[in-house]
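Hello,

Here is the structure I said I would pass on. Please have a look at it first, then read the notes below.

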Amino acid sequence: MLRHDHNRIDPKRRNVLDHRKRQFATPQYKDAEYPHRLNFYADAPTADITLEQFEQWAIDRLRVLAELEACSFRNRSPAETATHMKPIVDKYMPLDTNSSASSKLFSQRQKDHYSHFILRLAFSSTEDLRRRFTRVETMLFRMRFNSDDLGERSAFVSSLDLDWWEPVTDNEREEFAAELAAMMGPRKGNAEDDTWFKVDWERVPELVEQRRVFLKRGKAFVPGREQSSMVVAEFSTRLDKQLELTARALPRLDEDDRLTPILNHLSKNFITPDSSYMSNTSAPIGAQISASNIDNLSQHFPACMSHLHRTLRATGHLKHYGRLQYTLFLKGIGLTLEESLVFWRTGMRSKTDDEFNKEYRYNVRHAYGDVGGDGNRRGGGYSPFSCQKILTEHQPGAGDAHGCPYRHFNMENLSTLVQAMGVTDQAVLRGVREDKEAQKFHMACNRVFEHLHKAEIKKAKDEGVLTANQLETIVHPNEYFKRSYLLKNLGKETDVKMEG
């Protein structure tokens, strides 16, 4: 499936196959065809793709799935979710219809096919990942199914050859006319209302629970308008089974050491994608990023950086990981090395010049890549920490100020910090508590952001200046700062524009 210029697999190792894995040894290669926009992903892809495509396609799909899960966390309705997701899907995972006569149909559907299977590999290792992957993939399939062209959707359903449902006969329609009419209620004039299907009731428990079907002799009579629920349920059931099979085959991936780190990275970043998933966290145009202006700019900081800034100003000191986390964040918003040294020298007011130069100056220069190993200098130093890194690495201890307040603070201290940032609405504070208890830490952060920028977000939406990037859930402190700065300065004399 992969093609790469530098093959690091030992040829001898490749040729030695365990006889118990013989069923995997000779895959049947065939050219993929994509007659339909929708896909049940029954067959694994077998054509060659590059390692770069392997990773990028998976990252793009992960963006879409993570945002879909965020919509679920926010309890958005299907209609609200579809509206919110459209620009994001169009950017990362577009799928044109056959009637569009687009020249990109094959490439779009190939990317959709491969990216699904790549993430299936990444998320099949544990029961929790499998369950969540099925859930968000089902959400994506349902959204696509409901937005599909009716004719093309019908052709796709016919191609599935589902043998567990059958049309209701004319005799049955006549026999149960009163019951079927009662099920339809006031709905009239819909072509789908004239079609009924009959299935075993266990196949559609959701419809039975919601009393949207007529039950008779162990069969559920399902109106045509509910066809999507049956197809979506079948998609979810099949994917559950396929993920279990994938999990059993996972040990074979050890034969290719190029894939394992990529798949591990993807699985660790399901909810809060890492910094590499963010397209742009550079300084916003028009912002005055200097040591003397950090106090003013701190109004745009997320809770983690706001706490570090407040602690530094209150105590004149931060411990090692706090300094590192904050230095890289300030570097990411555009503070130069020279200005950073000024900021830290004035901030660490309890230290003498000699102490600062001996104990702290080198670390700041190292973070910027000014000193250190050749690789560090060539790479421009270290990247600002993403939410994922802050949540999972360098857990704070006594006296530390780094980390994520939504995870590492108790609720009393978190409420105090969030209120100091300007949140006084009790409903928002209750929402933050619920997010924290459910371990949806990045959702709590986004909840605070949306409350603090409520008026500006409405204005930006009304004026149509929000891009797909600005609609995505924030998963990086530098993205939080940039989006806050742009929203608060929208329409001012600095001519700040909402750029992606």
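The notes cover a sheet, a pair of helices and the nonpolar cores.

One caution before you start: this is a predicted model.

**The sheet**

Start with the open sheet. Four strands form it, in the order β3-β4-β6-β5. The pairing is antiparallel. From one strand to the next, the twist averages 30°.

Which strands are at the edges? They are β3 (165-167) and β5 (214-216), and each of them pairs on one side only.

Now go through the pairs in order:

- β3 and β4 run antiparallel and are joined by three bridges. Here Glu-166 stands opposite Lys-198 in β4.
- β4 and β6 pair over five bridges, again in the antiparallel sense. Asp-200 has Lys-219 in β6 as its bridge partner.
- β6 (residues 219-223) and β5 are antiparallel too, with three bridges between them. Phe-214 has Phe-221 in β6 as its bridge partner.

Strand β4 covers residues 196-200. It is mostly covered, with four of its five residues buried.

**The helix pair**

Next, look at helix α3 (residues 51-73) and helix α4 (residues 78-92). Their axes come within 10 Å. They cross at roughly 170°. An angle over 145 degrees counts as roughly antiparallel, so α3 and α4 are roughly antiparallel to each other.

Which residues meet there? From α3 come Asp-60, Arg-63, Val-64, Glu-67, Leu-68 and Cys-71. From α4 come Thr-81, His-84, Met-85, Ile-88, Val-89 and Tyr-92. By class, this contact has seven nonpolar, two polar and three charged residues.

**The cores**

In soluble globular proteins, nonpolar side chains tend to be buried together. Here is what this model has.

The largest nonpolar core has 58 residues. Which of them touch the most other members? These are Ile-294, Phe-301, Tyr-326, Leu-330, Phe-343, Trp-344 and Tyr-406.

Set aside its neighbours within four places in sequence, and Leu-330 is in contact with Ile-294, Phe-301, Leu-335, Phe-343 and Tyr-368.

Another core lies apart from the largest one. It has 56 residues, including Phe-123, Leu-129, Val-157 and Leu-259.

That is the handover. Send me any questions.

Best wishes

Methods
Residues are numbered from 1 along each chain as its sequence is written. This is a predicted model: local features need pLDDT of at least 70, side-chain atom pairs count only at pLDDT 80 or more; totals for chains, interfaces and linings use all residues. Side-chain values use heavy atoms; hydrogens and water are left out. Axes are lines fitted to C-alpha atoms, for helices over the stretch in contact, and angles run from 0 to 180 degrees between N-to-C directions. Helices (H or I, at least four residues) and strands (E, at least two) are DSSP runs, numbered from the N terminus. Angles under 35 degrees count as roughly parallel, over 145 as roughly antiparallel, 65 to 115 as roughly perpendicular and the rest as oblique. Contact means heavy atoms within 4.5 Å. Ala, Val, Leu, Ile, Met, Phe, Trp, Tyr, Cys and Pro count as nonpolar, Asp, Glu, Lys and Arg as charged, and the others, Gly among them, as polar. A nonpolar core is a set of buried Ala, Val, Leu, Ile, Met, Phe, Trp, Tyr and Cys residues joined through side-chain atoms within 4.5 Å. Buried means under 20% relative accessible area, exposed over 50%, partly exposed in between (1.4 Å probe, protein chains only). Two strands pair if DSSP finds at least two bridges between them.
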